[in-house]
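Good morning. I will go through one structure and keep to the numbers. Please look at the screen.

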Amino acid sequence: MQDVVNQVINTSFGWGWPSWAIALIGYLIVAAILFGIAPFQMLFLTLYERRAIARMQDRIGPNRVGPEGAFQPLADGVKIFTKEDIVPAAADQWVHFIAPCVVVAPTMFMFAVLPWGPGMVPVDMNLGLLFFFAISSVSAVGLMMAGWASSNKFALVGAMRAVAQMVSYEIPAVLSLLAIVMVTGSLSIVELINYQGGLFISTRDVASVPDWGLGWFIFSPVGFLAFIAFFIAALAEGERTPFDIPEADSEIVAGYMTEYSGMKFGLFYLAQYVLNFLLCAITSIIFFGGWQGPGVGWLYAQAITPANLQGDWIFNVLAGVLGVFYFLLKTYGFFFVMVWIRGAYARLRIDQLMDFGWKFLIPLTLVNIFSAAIWVGLTKWGAADGLAFVEGWSPLMRWAVAFAVTLILNLGAYLFLARIFAQSQDERTRQDDEVLEQLTNVA
Amino acid sequence: MLKTEELQINIGPQHPSTHGVFRMLVTVDGETVTDLKPVFGYLHRNHEQIAEVNTYLQNMPYTDRLDYFNAMANNQAYAMAVEKMVGIEVPERAEYLRVLMVELTRILNHAGALGFLINDMGAWQTQLAFGMREREKILDLFESVSGARLMCNYFRFGGVARDLPPDFMPRLKDLLVAMPAFVDEMERLLRENEILLQRSEGIGILPKDLALAYSVTGPVLRGSGVAYDIRRAEPYSIYDRLDFDIPVGSVGDVYDRILVRIEEMRQSRRIIEQVIAQLPDAQGGHINPKARQNVRPPVGDVYARVETPKGELGFYLVSDGSSKPYRYKVRAPSFINLTPLGDMCRGYKVADMVVILGSIDIVMGEVDR
Amino acid sequence: MTIEMQRGSVIVMDRRRGKLRAGQGLLQGLKVVWDHWAGSFRTNDNFSKIHGTFTVEYPDERLPMPQAYRNMPVLLFDDESGHELCTGCYQCQRICPPQVIHITQAKDPVTGKMVPAATEFIIEYDACMSCGFCAEVCPFDSIKMDHVYELSTADRVSLTMRKTQLNRPISYYTGIAPDLWAEAQAGAMKKLQGSIKRRPDVIGLAASLTEKIKARRLELAAAGQVAGGGGQEAGVAPAAPAAKLTPEEKAAKLAAMKAAKQAGGAPAPAEAPVELSPADAKAAKLAAIKAANAAKQAGAAPAEAPVELSPADAKAAKLAAIKAANAAKQAGAVPAPVEVPSTPLDAKAARLAAIKAANAAKQAAEQSNNE
């Protein structure tokens with residue numbers, strides 16, 4: 001964006017503004033666009049979810065307001081804006097007021113590092129991934145504030161659950177990404193996407209593979225297991241079924257949102273759906289190549305880029321449109337999976353959630369990191385690193401061996417852990433019986 | 001160890017998962033329930049007292065409102081009580097029609113109950129929507145035969161209000177085609193799903209002796225492993241001519257209750273198929289022509305009970321010879337099944353408490369009356 | 001494990017323990033939901049299908065109501081004559097469990113006698129429980145359950161329905177429940193004819209039509225086409241009050257003729273009263289006279305029958321009849337001239353008197369024959 005602004009102001013008009021002013025204007029424009037896009041995503045996703053889940057339940061869903069219900073979110077928005085804002089008398093007024101803002105703000109920040117298409121990233125940070133996850137956990141503070149300030153038992157229990165859940169599921173999420181980061185060797189999100197060119201095999205692993213933009217991490221055992229673990233953790237982060245425990249309506253009414261109404265309630269919803277969108281987006285970026293897809297790489301090679309200043313601007317537009325199309329397709333596809341899971345499953349219990357996170361997901365992701373190490377060693381290392389026996393193999397051979405080894409390792413680890421985990425659950429069930437017996441005897 | 005403090009939470013009477021206006025006074029230690037007191041009476045409608053100022057027939061539509069999921073089964077219990085008192089013979093065909101309706105009721109109740117149970121576990125209405133779809137079909141049939149979907153008011157002393165309309169049988173046969181697919185689907189959704197297993201296995205165990213001590217009936221009792229079904233224990237109507245099995249559980253937890261309900265839907269379908277086969281040969285019309293609408297039973301008392309989908313529903317009537325019951329008492333299965341809730345929930349988590357309540361399958365209209 | 005028992009067994013449900021649970025159940029669940037999603041683009045309109053959308057988009061499309069559907073009770077009236085089927089018999093009011101039906105029986109404005117019709121019929125829709133008992137007990141098939149279910153109002157009062165709001169033509173009911181009406185039609189129409197005969201003037205006519213009839217009558221009266229207040233030519237209501245008197249007279253006449261025949265063996269040709277308007281009184285008189293005559297002819301001495309009939313009403317007619325009967329019974333007294341009221345009598349009373357007289361005469365004749 002800054003180069004475009006620079007082009008317009010300094011080259012076309014010849015005003016010769018300083019570079020900081022150019023940068024400021026550029027960032028302001030980008031921020032304005034993103035602040036427009038984020039609530040729009042929320043509006044769209046609410047309608048999308050309602051329509052999709054209605055289909056799963058043999059219903060039609062909201063289709064009254066506008067064509068096929070397109071304006072339903074707007075109607076909901078108007079309704080939520082005009083609702084009375086009720087603050088409980090016993091609530092801590094200021095904390096109660098600030099909490100929704102604290103929850104919404106981080107989700108907006110996270111847009112800063114999200115690449116939408118080739119060359120379309122607000123800020124290409126070399127620590128983008130770290131920034132993304134560091135910022136996402138800030139909203140836990142807001143949830144705690146909301147629950148505590150409401151002075152309501154349900155809200156407090158909900159906030160406690162929310163924080164416990166968010167904190168524990170950050171770990172498997174980050175650990176699963178660590179495996180990917182080990183493979184790419186970079187924390188930059190743009191670099192992560194660039195790595196995923198190719199056809200089922202990344203061009204960075206095997207240079208002879210044609211670049212169709214399909215060298216996604218999901219096609220490797222390491223990436224697949226990381227994807228499963230990350231997506232489960234993302235469901236927990238985004239408070240989606242089966243991990244919507246903090247707002248389990250059948251148990252604790254609406255969790256930390258119980259005492260909120262009107263637009264403050266709307267802000268929580270906004271934050272939640274924007275976070276869901278971001279989690280789907282980051283999943284599609286890390287494991288499904290983001291904007292990578294057939295044709296984008298070729299189009300972008302013809303476009304005006306710092307590397308290719310002789311390109312045609314029309315290819316910029318084409319590559320951008322196709323890239324954004326692929327990206328949103330994948331993102332909404334993942335949101336569909338989230339809805340699908342919500343349509344199919346019940347909710348876990350809070351202790352089971354913790355069990356699952358700590359006793360199953362974290363060991364699994366640790367094994368996956370080990371697999372990633374083997375993958376890196378087999379595909380990248382040579383005699384200098386102490387792996388002399390791979391020297392004679394062709395890149396494809398090295399890739400195939402790495403694939404087979406990591407597949408066996410990951411599958412074995414999964415089945416082993418599933419069995420261990422199931423047994424531990426059985427034991428826990430029996431413990432509960434004893435507790436019940438004790439309590440019954442006491443009473 | 002950190003010092004913990006017990007917290008008292010009122011779940012209800014205004015709470016999304018208490019199945020009506022019902023309050024649970026829960027003492028929790030962290031997330032563990034250490035004590036639970038069920039508090040009911042918020043939906044008290046003075047049912048029994050109203051019944052004493054109505055004539056016997058006028059009470060029939062009021063019984064619909066007891067357990068509004070199973071209006072037909074309630075009707076049957078009440079009709080049986082009055083028939084026993086007055087000594088009215090029910091024609092064979094009417095008995096078949098009654099059994100047909102009551103078994104359809106059982107299917108629709110279990111379809112709904114399982115859906116609500118999964119909803120309590122946190123699913124987002126999908127299983128409930130599937131259950132409701134089948135329930136709607138059955139309600140359509142009820143509507144075509146009795147005129148109303150829920151408040152059927154279909155039974156009369158000495159038979160049923162009217163015979164089947166011509167389009168009833170083809171639709172019923174279509175429904176029976178869909179039924180196995182529906183039950184299998186429900187089973188696939190419920191039985192193997194790891195999340196549901198985690199939420200239901202070993203949860204809310206009601207041991208056999210405790211269940212008997214609380215005089216629990218219905219699927220809750222059978223889930224605890226007691227093969228007690230009034231259709232077999234004291235065969236009424238024409239149940240002694242029909243083949244069906246009684247499913248029982250082995251542990252007595254929420255999972256067993258789910259399994260029992262799924263199997264009971266299958267058995268009900270089996271009964272309905274037998275009824276369809278035997279109905280054309282049945283003697284008599286849909287109502288005993290000698291039956292009067294305005295009955296004056298002789299002085300005395302009577303207790304009649306049936307196996308409704310929720311358990312033993314009994315009507316105890318005392319007559320003083322007039323056209324109105326002198327005393328009218330309902331033994332409501334939901335009410336009695338709800339009493340062991342405190343014992344079932346103690347020691348489990350808050351989330352389990354809701355599931356256990358859902359697995360009892362209560363209808364507050366019947367609990368509070 | 002199963003336990004065998006008569007006609008079935010006890011099955012202990014298999015909990016399928018010991019199976020490796022590694023997520024296959026979760027995938028199965030996803031499969032089921034996916035099938036429904038994929039199938040939801042077709043419509044599920046058949047009871048044998050479990051896939052497909054089954055939503056009925058309510059305000060735009062509606063489910064057809066089964067004929068037996070019952071929502072709120074309404075009152076039927078005959079399309080042709082405009083007469084209501086309801087006779088105000090209070091059966092529905094008595095059976096109604098929530099006691100929301102209130103009936104006022106119609107009275108003859110002249111005699112004050114009950115007429116088989118309801119002047120007011122109120123149903124409190126807000127408290128009605130739609131049980132359908134009223135429709136079931138109605139001996140005249142007058143009260144039926146409507147299929148309209150959109151009854152919401154802004155206030156409770158407008159749900160208290162009066163007779164004008166409850167009236168529906170039979171054609172409306174045949175539209176919503178043709179089979180049910182076909183079952184009831186014959187009996188209901190027969191009973192309606194019976195009621196119509198006993199309804200003077202416009203009583204029992206559907207209110208919407210009453211106004212029309214009155215207007216039409218005024219019109220005709222103004223045109224001078226109607227003599228004696230009869231409404232035969234009104235057209236809107238073929239069953240007009242004046243015409244209704246004829247059958248009553250006929251009955252009285254017939255009774256008198258019979259009495260005369262049986263008693264005397266020598267049948268006296270009964271003269272039909274030609275002047276029709278105050279006919280009841282004459283019929284009664286005739287009957288009494290004929291009865292007395294018959295008794296006389298039987299060879300007995302007619303008894304003196306002292307009568308005071310000045311406040312002439314039904315009672316008087318009855319009295320006359322009783323006296324005549326006594327006279328016939330005593331069979332040997334001197335016949336006394338029976339004075340008869342000249343004021344218009346209740347048709348019923350007249351007929352009663354005639355019948356009693358006839359019976360008495362018959363008995364007398366039998367006695368004398370035996371002797």
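I start with a distance: taken over C-alpha atoms, the centres of domain 1 of chain A and domain 2 of chain A are separated by 17 Å. Domain 1 of chain A covers 1–82 and domain 2 covers 86–360, with bounds that come from an automatic or database domain assignment. Between them, 19 residues of domain 1 of chain A are in contact with 22 residues of domain 2 of chain A, where contact means heavy atoms within 4.5 Å.

A word on the source. This is a predicted model, in which local features need pLDDT of at least 70 and side-chain atom pairs count only at pLDDT 80 or more, while totals for chains, interfaces and linings use all residues. Residues are numbered from 1 along each chain as its sequence is written, chains are lettered from A and ligands numbered from 1 in the order in which they are written, and side-chain values use heavy atoms, with hydrogens and water left out.

Now chain B. Its C-alpha trace spans about 75 × 45 × 35 Å along the principal axes. Why does a radius of gyration of 21 Å agree with a compact globule? Because a compact globule of 369 residues would have a value near 21 Å; the radius is taken over C-alpha atoms, and the rule is 2.2 Å times the number of residues to the power 0.38.

Of the 369 residues in chain B, 69% are buried, meaning under 20% relative accessible area with a 1.4 Å probe, protein chains only. Among contacts in chain B with a separation of 6 or more, 72% come from residues 24 or more positions apart.

Key: Buried means under 20% relative accessible area, exposed over 50%, partly exposed in between (1.4 Å probe, protein chains only).
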